[in-house]
Amino acid sequence: ETQSFLLCKWLRRDNWEPSTFRTFKEFITHGTAYIGFGAWVGPMVLYAALMTHRDVWCFEPDPAAYSAFSTNILLNHKVH
């Protein structure tokens, strides 16, 4: 839980993947379908869900990352 909180604080400072966030802002709008492969711990999946206002689909093959991703989804229950 603490790791997820720290990750969120770090992401909010715009230090992580700024070009990816710019691309998402440009191309993902309300109603856009989003499918993510390699979801990692979910920052882009959650961001896409906020922007599209609809279901998003993703896949994460790494068990450790998937576990963290699942926790992140539960912690951000208002998004899904």
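I began with the patch rule: a patch takes residues with over 30% relative accessible area and no salt bridge, and nonpolar side chains are joined within 5 Å. I applied it to this model, which is predicted.

**Entry 1, the patch.** I looked for nonpolar surface. I found a patch of about 510 Å², made by Ile35, Phe37, Trp57 and Phe59. Next I checked which elements carry it. Strand E1 (35–37) and strand E2 (57–59) each give at least two residues to the nonpolar patch.

I picked out one member of the patch. Phenylalanine 59 sits in strand E2. Is it buried, partly exposed or exposed? Its relative accessibility is 47%, so phenylalanine 59 counts as partly exposed.

I counted elements and got four helices and two strands. I then read them along the sequence, and the pattern is α-α-β-α-β-α. I also looked at contacts between residues at least 6 apart in sequence; 42% of them join residues at least 24 apart.

The protein has 80 residues, and 34% of them count as buried.

I turned to helix H2 (residues 18–27), where lysine 25 lies. Lysine 25 counts as exposed because its relative accessibility is 55%, and the cut-off for exposed is over 50%. What does lysine 25 contact, leaving aside neighbours within four places in sequence? I found Tyr47 and Met51. I checked one C-alpha separation as well: lysine 25 and tyrosine 47 are 22 residues apart along the chain, and their C-alpha atoms are separated by 9.6 Å.

Terms used
Residues numbered from 1 in each chain as written. Predicted model: local features only at pLDDT ≥ 70, side-chain atom pairs only at ≥ 80, totals over all residues. Heavy atoms only, no water. Patch = residues over 30% accessible without salt bridge, like charges linked within 9 Å, V, L, I, M, F, W, Y side chains within 5 Å. Areas by Shrake-Rupley, 256 points an atom, 1.4 Å probe, with all protein chains shown as cover. Salt bridge = Lys/Arg side-chain N within 4 Å of Asp/Glu carboxyl O. Buried < 20%, exposed > 50% of the residue type's maximum accessible area, 1.4 Å probe, protein only. Contact = heavy atoms within 4.5 Å.
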